[in-house]
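Hello,

Here is the structure for your files. My notes on the salt bridges and one of the sheets follow below it.

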Amino acid sequence: MNATMLFPRIKTLSLSILAAALAAASYPNCAFSQSRVTGYQTVGRDIAVNSAIDILVYPGRASAIDFSSTDEALAYVLIADPSKIVFSTDAQLASGLAKTVFLRPIQALNFPGATTATITNLSIKTVDSKGKQRLYNFNIVPTNKEPEHLGIRIAPVTPRMSPTVNVVGLTH
């Protein structure tokens, strides 16, 4: 390849690199915010059932509540104040296969007669393979800070083994 043919390719490559560098400098938060997200916050099922867990929602992002690590399927989902948050699931609730709820903030809507809250709650009812139902409550907390997690993963309760003591009877 002669120098005449090589120069346009080098020039195009240089311009592409320059454009990428300018884009990264123009939007520094976009370029680096993804790398700071550290995965899911894991919450044990026993804690999640007995307390309201905060889940942060960020503008333009979806936050997940994932039950895939459990044998539970979503049966019902309720957002107390739906004026600023919408949800979707990874499968239809009626199918018995839904395992994850995705929350997305929206611009506020006005529902005549409805009340609103800055921090609303989300209730999720699940059913496990044996038919046992559980009710989880979450506080949906809107925030503009940089995301720390992708969402919440509910982990199954691991039964703790009680120490056993074998007593050997003494015969006299």
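**Salt bridges**

The model contains 7 salt bridges, a salt bridge being a side-chain nitrogen of Lys or Arg within 4 Å of a carboxyl oxygen of Asp or Glu. This is a predicted model, in which local features need pLDDT of at least 70 and side-chain atom pairs count only at pLDDT 80 or more, while totals for chains, interfaces and linings use all residues. Residues are numbered from 1 along each chain as its sequence is written, and side-chain values use heavy atoms, with hydrogens and water left out.

One of the salt bridges is between aspartate 128 and arginine 134, at 3.3 Å from N to O. Their side chains also make a polar contact at 3.3 Å (a pair of N or O atoms within 3.5 Å; within protein, one must be able to donate a hydrogen and the other to accept it, and residues adjacent in sequence count only if both atoms are side-chain atoms). Both aspartate 128 and arginine 134 are buried. Buried means under 20% relative accessible area, exposed over 50%, and partly exposed in between, with a 1.4 Å probe and protein chains only. For aspartate 128 the value is 11%.

Salt bridges with shared partners connect Arg45, Asp71, Glu72, Asp128 and Arg134 in one network. Leaving out residues up to four places away in sequence, aspartate 128 touches Asp71, Glu72 and Arg134, where contact means heavy atoms within 4.5 Å.

Lysine 84 and aspartate 81 form another salt bridge, with their closest N and O atoms 3.7 Å apart. Lysine 84 is partly exposed at 30%, whereas aspartate 81 is buried at 4%.

**The sheet**

An open sheet of 5 strands runs in the order β1-β9-β3-β6-β5, with mixed pairing. Strands are DSSP runs (E, at least two residues), numbered from the N terminus, and two of them pair if DSSP finds at least two bridges between them. The edge strands, β1 (40-44) and β5 (85-89), each pair on one side only.

Strands β3 (residues 63-66) and β9 (residues 151-155) run parallel and are joined by 3 bridges. Aspartate 66 has arginine 153 in β9 as its bridge partner. The side chains of these residues, arginine 153 and aspartate 66, also meet in a salt bridge of 3.6 Å, N to O. That pair links distant parts of the chain, 87 residues apart. Aspartate 66 is buried at 9% relative accessible area, and arginine 153 is partly exposed at 27%.

Regards

Note on methods: Helices (H or I, at least four residues) and strands (E, at least two) are DSSP runs, numbered from the N terminus.
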